[in-house]
Structure formats: structure tokens, C-alpha cells
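Have the viewer open as you read.

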Amino acid sequence: MACAAVVLPPPPVSRYRPRQHLPCSFRGSALRRHLPVSPHQSSHLCPFFISESSRSRYRPFLPDRPLFDCGKQSELLVSATDSGSTAYSAKGLKFQEWDSLTAKFAGVANVPFLLLQLPQIILNSRNLLSGNTTALFAVPWLGMLTGLLGNLSLLSYFAKKRETEAVIVQTLGVLSTYVVIVQLAMAEAMPLPQFAVTSAVVASGLLINFLNYFGWLHQGVWTLWEDFITVGGLSVLPQVMWSTFVPFIPNSTSPGIISCAVAFVAVVLARAGKLSEKGTKFVRSTSGWTATLLFMWMPVAQMWTNYLNPENIRGLSAFSMLLAMLGNGLLVPRALFIRDLMWFTGSSWGSFLHGWGNLLCMFIFNSIGRTFFLAATFGYFAWLGMTLWRDSVAYGYSSPMKSLMELISGPESSSDL
């Protein structure tokens with residue numbers, strides 16, 4: 001007996017409005033909860049109309065009862081679609097507009113970040129073509145390697161969260177930094193064994209993150225990669241912080257070795273289930289935070305160098321500092337909107353200290369003009385003020401402080417304000 005067609009009531013007019021971008025938290029989540037799922041995690045999609053006589057031919061492949069009931073599943077489909085769209089549209093048009101704008105801002109941040117590394121690449125190419133390989137020794141390969149590891153760690157963090165714009169930013173950072181490292185290796189400014197290991201890590205890291213982003217990677221492989229970047233980040237961060245203050249402190253690799261051992265033990269205990277739930281969660285979050293702290297430490301090292309050698313400030317490029325301020329500043333609205341404290345901390349710190357802070361040092365030592373500095377200052381703080389105001393309007397808050405409190409402590413802490 002053929003399955004009777006089910007006539008559904010006409011949907012509301014609002015259901016035919018143009019398709020809008022939905023946050024990751026609403027994309028198909030309700031639908032996946034209701035559709036029947038096989039042991040292999042794939043939905044049973046049986047044809048709608050299968051006669052009882054024709055079912056005998058498919059008997060070895062079909063269960064005794066229908067897998068897809070037209071009426072019931074159609075109702076579930078409509079219900080799941082309504083639950084997602086209703087939850088999103090309930091936020092209001094301003095919320096949706098700000099969601100779209102912050103995503104576009106994060107995408108536009110690719111431009112200043114790409115231009116930030118491009119002058120160094122062009123200069124290195126000219127020196128290599130002219131045979132002036134000695135000039136490339138002025139670029140520290142260890143610092144470039146630190147930045148590369150930070151980009152890879154943040155790439156893994158954002159790929160896991162499916163933040164497309166941030167993934168593109170970090171991927172460009174990995175590729176542009178690796179190009180500089182290749183140039184240093186060609187000039188023999190970087191040892192060949194270290195370059196070979198770096199190349200292997202970059203290739204495997206990009207491949208693993210690409211496969212994981214599209215859901216094509218086995219969870220066990222991703223877990224091993226997360227453990228690797230956790231141990232690597234916790235090993236490099238203390239060593240870089242220690243090396244910044246050499247020769248005022250002894251030159252030693254002990255900080256890196258000790259932190260590497262501690263990180264390895266922590267990862268092993270977390271995977272073995274020997275830590276508490278909070279401890280395991282803390283270990284899993286360290287890779288993203290260590291990458292953020294690496295980037296946060298870079299402007300600190302630059303400011304320390306400016307303090308020790310003020311005459312070298314004239315060697316800094318005001319255009320590069322402006323690009324750093326713009327690139328990181330464009331990421332701040334998106335980080336605040338999705339309530340990502342780690343991303344917000346890194347981008348705010350980078351735009352404030354690495355960008356505006358270095359411009360302030362250059363202005364104090366008369367390396368840039370007053371008009372340039374005041375224009376950059378006004379634009380930067382006006383952008384931050386606009387970001388806080390628009391975010392509070394999008395969420396329907398009366399004060400921008402609610403957005404900041406929600407970012408730091410969660411929605412519960414902002415309800416009392």
C-alpha cells in the first residue's frame with residue numbers, strides 16, 4: 001500500500017524571506033536532534049514513497065518499520081526550522097546586522113595583516129637577488145618561529161570554533177611568516193635542521209586544520225595535534241619571556257625545558273583522566289591562551305627594546321605600527337560579539353600596545369608628527385567606543401558595561417547590572 005501524501009498547512013509569509021546568516025549555535029542543531037540517526041551517525045533517508053510490494057526487494061537493507069514517516073518527519077522539520085529561526089530573529093534586526101558587520105570586519109582584517117608582512121618579504125627578495133644575504137641575518141629566525149607557532153595554535157583554536165574569518169587571518173599569518181622563514185633558510189640565516197622541522201610542522205598543521213575544519217579528520221588525530229601545540233606553546237612562551245631580558249639575566253634554556261616537562265606531564269594526566277574536570281578543561285584551553293600570550297608578549301619585547309635603545313625607534317615603521325593597530329582593531333568587534341575572552345584579549349592588547357603604544361613611543365621621541373599621532377589616536381579610541389556602543393545596542397543592553405561583564409564572567413554576571 002503506497003504511502004499517502006501529507007498536505008501541510010501553508011507556511012507563514014515570514015518563512016519565505018531571504019535567507020540570512022545564522023550563528024553556528026543555531027545551524028541545524030535542532031534538526032539534528034530530531035532526525036533519526038544510525039549507529040554510524042548518518043540520517044536514515046528512506047524514499048518517501050515505497051510501496052509494500054516493492055519493499056521486498058529492499059528487505060535485506062530496510063528495517064521492518066518505515067524509517068521516514070512523511071507526516072511526522074515533515075512536522076519535525078518545520079518545528080526544527082522554526083526553533084532555530086525564532087531564536088535568532090528574537091534577537092532583533094540590529095542583532096543580525098551587527099553579527100553580519102562584525103564578520104565582515106574580521107574578514108577585512110586580512111588586508112592590513114597581509115600588508116604587514118609584505119614589505120619584509122619584498123626587502124628580503126631584493127637582498128637575495130642582489131646577493132646581499134648578510135642583510136637577512138638582521139631578521140631573528142627564532143622570533144619568526146615564535147610567531148609562526150602562535151599562528152598555528154590560533155588557527156587550530158578558530159578552526160575548531162568554525163570562525164571562518166579568523167581562520168583565514170591565521171592561515172595568511174602562517175603562510176606569510178613561512179615565506180620569510182624560507183628566505184632566511186635560503187640565506188643560511190636559519191639552520192637547515194630547524195628549517196626542515198619547521199616545514200614539516202607547517203605542512204602537517206595546515207593539512208590537519210583544513211581537514212578538521214571540514215569535518216574530514218579523525219578525532220584521535222586532532223587530539224594528538226592539540227596535545228602537540230599545547231606542549232609546544234607552553235615550552236616556547238616562558239623561554240621567549242626569559243630571553244627578552246638577556247643580558248640582564250643569565251642566558252639559559254632552563255625555562256623552556258622545565259615548562260616543556262610540566263606541560264607534557266599535564267597533558268598525559270589529562271588524557272589519562274587523572275585530573276579533575278576543571279583541571280582537564282584548563283589544560284585543553286592552554287594552547288589558545290599560550291598562543292595569545294605569545295602575541296601579547298611581542299609588543300612588550302618591542303617596548304623593552306625601545307626603552308633600552310631609544311635611538312633605534314627611528315628604525316621603526318610608523319606604517320607597520322598603524323597596520324598592526326588596524327588589523328587587530330578590526331577583530332575586536334567580532335571577538336566581543338561572540339563573547340570570546342581569549343580572542344578579545346589578544347586583539348585588544350595587540351591594537352593598543354603593539355599598534356597605538358608604539359606610535360606613542362615614536363611620538364614622544366619625535367619620530368612621527370603630531371597630526372599623524374592625534375589622528376591615529378582619535379580614530380582608534382572612537383572605534384573602540386563605537387564597538388562597545390553598537391554591541392550593547394545589538395544585545396538590547398542599556399550600558400556597554402553589561403557587554404564587558406558578560407564577556408568576562410558570562411551572562412549571569414551581567415543580569416545584576
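Predicted model: local features only at pLDDT ≥ 70, side-chain atom pairs only at ≥ 80, totals over all residues.

## Patch, pairings and a salt bridge

Helix 4 (residues 110-129) supplies the largest share of the nonpolar patch, with 4 residues. The patch covers about 380 Å² and is built from V108, V111, L115, L118 and I122. Of these, V111 sits in helix 4.

Now for the helix packing.

| Helix pair | Axes come within | Crossing angle |
|---|---|---|
| Helix 10 (residues 277-308) and helix 12 (residues 341-364) | 9 Å | roughly 10° |
| Helix 11 and helix 13 (residues 370-394) | 9 Å | roughly 5° |

Take helix 10 and helix 12, whose axes cross at roughly 10°. That crossing makes helix 10 roughly parallel to helix 12. On the helix 10 side, the contact uses G288, W289, T292, M296, P299, V300, Q302, M303 and N306. Helix 12 answers with L341, M342, T345, G346, W349, L353, H354, G357, N358 and C361. Sorted by class, this contact holds 10 nonpolar and 9 polar residues, with no charged ones.

Over to helix 11 and helix 13, which cross at roughly 5°. These two are therefore roughly parallel to each other as well. Helix 11 brings A318, L322, M325, G329, L330, V332, P333, L336 and F337 to the contact, while helix 13 brings F372, A376, Y380, W383, L384, T387, L388 and D391.

One to zoom in on joins the side chains of R334 and D99, at 2.6 Å from N to O. R334 belongs to helix 11 (residues 318-337) and D99 to helix 3 (residues 93-108), so this pair ties together parts that are 235 residues apart in sequence.

Definitions and conventions: Residues numbered from 1 in each chain as written. Heavy atoms only, no water. Axes fitted to C-alpha atoms, helices over the stretch in contact; angles between N-to-C directions. Parallel < 35°, antiparallel > 145°, perpendicular 65-115°, else oblique. Contact = heavy atoms within 4.5 Å. Nonpolar A, V, L, I, M, F, W, Y, C, P; charged D, E, K, R; others polar. Patch = residues over 30% accessible without salt bridge, like charges linked within 9 Å, V, L, I, M, F, W, Y side chains within 5 Å. Areas by Shrake-Rupley, 256 points an atom, 1.4 Å probe, with all protein chains shown as cover. Salt bridge = Lys/Arg side-chain N within 4 Å of Asp/Glu carboxyl O.
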